[in-house]
Amino acid sequence: MADGFVEGFDNTVDDALFWLSDNADFLFDGARIVLDGFYRLVLDGVGWPPAWAIALIGGALGSWLVGRGFGALAALGLGLCWATGLWPETMDTLALVISAMLITLALALPLGVLVGYTTGLDRLIEPVLDLVQTLPPYIYLLPAIALLGYGTATALVATVIVAMPPVIRLTALGIRQTPEAFRELGEASGVTGWQMFAKIRLPFALPSIMAGINQGLMMAFGMVVIAGIVGSGGLGKTIYDAIRTLDIAKSIDAAIAIVILTMIIDRITQGLVPPKEKA
């Protein structure tokens, strides 16, 4: 009986995907065009400057937000990415992560604020977020491939799904943890709901929100490597091709480039929060 139930469930899922593919293909074709176009726009932005300019920009941001030592290391690290001959792939990966995170923030930040404000909603959404974070990342690629096909759009959708949970969780946590004394002071002062959010809740929640964004970025970097198997390009595809051809040297070069890019973005996003707000 259990086998029959499992088979019936599997057939239902397959039938649902086939039905969506047959009857809503225009929606998914439009979504693929929009996602691909958005990615190309971001790629043009990060890929247009020469490598030395990107290295200088990364070094300048690192010096400003973290420290001069890190800024110098960031510039050298980006120069190493160029020296390995993987600069186009590095920029492809950076564009994919930026595109995915922009979409993630547009969806996750408002939802996180809503969860933080709405009593009881967190109990409904927590199991969903637990499920998303527990399932293997490959699971999200399969239905995306079925509906969007191979390419960047599928990689973006899977990366957004993986990156959203920490942003939602920590945004909601930050909103809920506003000290009661400050909320009461705001209410006694007669502030509006928007003023309460912008001037009281948001400043207290900012460190937690930035921590969520940072964690989302780390999840996104991990996912774009896996998404290389669906033709997303970038360093993920380089690693995937190197694995298929047993090109160990190329896989190590690509892995080093990913580590450098991840560390630079990680430290720079952490540096966006002023020290007094990190405490």
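Colleague: How many residues apart in helix H11 are Asp 241 and Lys 237?

Modeller: Asp 241 and Lys 237 are four residues apart in helix H11, so about one helical turn separates them. Helices (H or I, at least four residues) and strands (E, at least two) are DSSP runs, numbered from the N terminus. This is a predicted model, in which local features need pLDDT of at least 70 and side-chain atom pairs count only at pLDDT 80 or more, while totals for chains, interfaces and linings use all residues. Residues are numbered from 1 along each chain as its sequence is written, and side-chain values use heavy atoms, with hydrogens and water left out.

Colleague: What do the side chains of Asp 241 and Lys 237 meet in?

Modeller: Side chains of opposite charge can pair when their charged atoms come close. A salt bridge is a side-chain nitrogen of Lys or Arg within 4 Å of a carboxyl oxygen of Asp or Glu. Here the side chains of Asp 241 and Lys 237 form a salt bridge, at 2.8 Å from N to O.

Colleague: How many salt bridges does the structure hold?

Modeller: The structure holds four salt bridges. One of them joins the side chains of Glu 126 and Arg 169, at 2.3 Å from N to O. Because Glu 126 lies in helix H6 (residues 121-134) and Arg 169 in helix H8 (residues 152-176), the pair ties together parts that are 43 residues apart in sequence. Arg 169 also meets Asp 130 in a salt bridge, at 2.4 Å from N to O. That pair links distant parts of the chain, with Arg 169 in helix H8 and Asp 130 in helix H6, 39 residues apart. Glu 126 is partly exposed at 27% relative accessibility, and Asp 130 is partly exposed at 38%.

Colleague: What span does H11 reach from its first C-alpha to its last?

Modeller: The expected span of a helix is 1.5 Å times one less than its number of residues. H11, with twelve residues, reaches 17 Å from its first C-alpha to its last, close to the 16 Å expected.

Colleague: Which residues of H11 are buried, and which helices do they pack against?

Modeller: The buried residues are Gly 234, Leu 235, Gly 236, Thr 238, Ile 239 and Ala 242. The buried residues of H11 pack against H5, H10 and helix H12 (248-271). In helix H5 (residues 87-117) one finds Thr 90, which is buried with a relative accessible area of 0%. Contact means heavy atoms within 4.5 Å. Leaving aside neighbours within four places in sequence, Thr 90 is in contact with Cys 81, Leu 235, Ala 257 and Leu 261.

Colleague: Where is Gly 228 placed?

Modeller: Gly 228 is in the loop between helix H10 (193-226) and helix H11 (234-245). Gly 228 is buried, at 4% relative accessible area. Apart from neighbours within four places in sequence, Gly 228 is in contact with Gly 236, Lys 237 and Tyr 240.

Colleague: Is Leu 246 buried or exposed?

Modeller: Leu 246 counts as exposed, at 70% relative accessibility. Leu 246 lies in the loop between H11 and H12, and its phi is near 55°, a positive value in a residue other than glycine.

How values were computed. Buried < 20%, exposed > 50% of the residue type's maximum accessible area, 1.4 Å probe, protein only.
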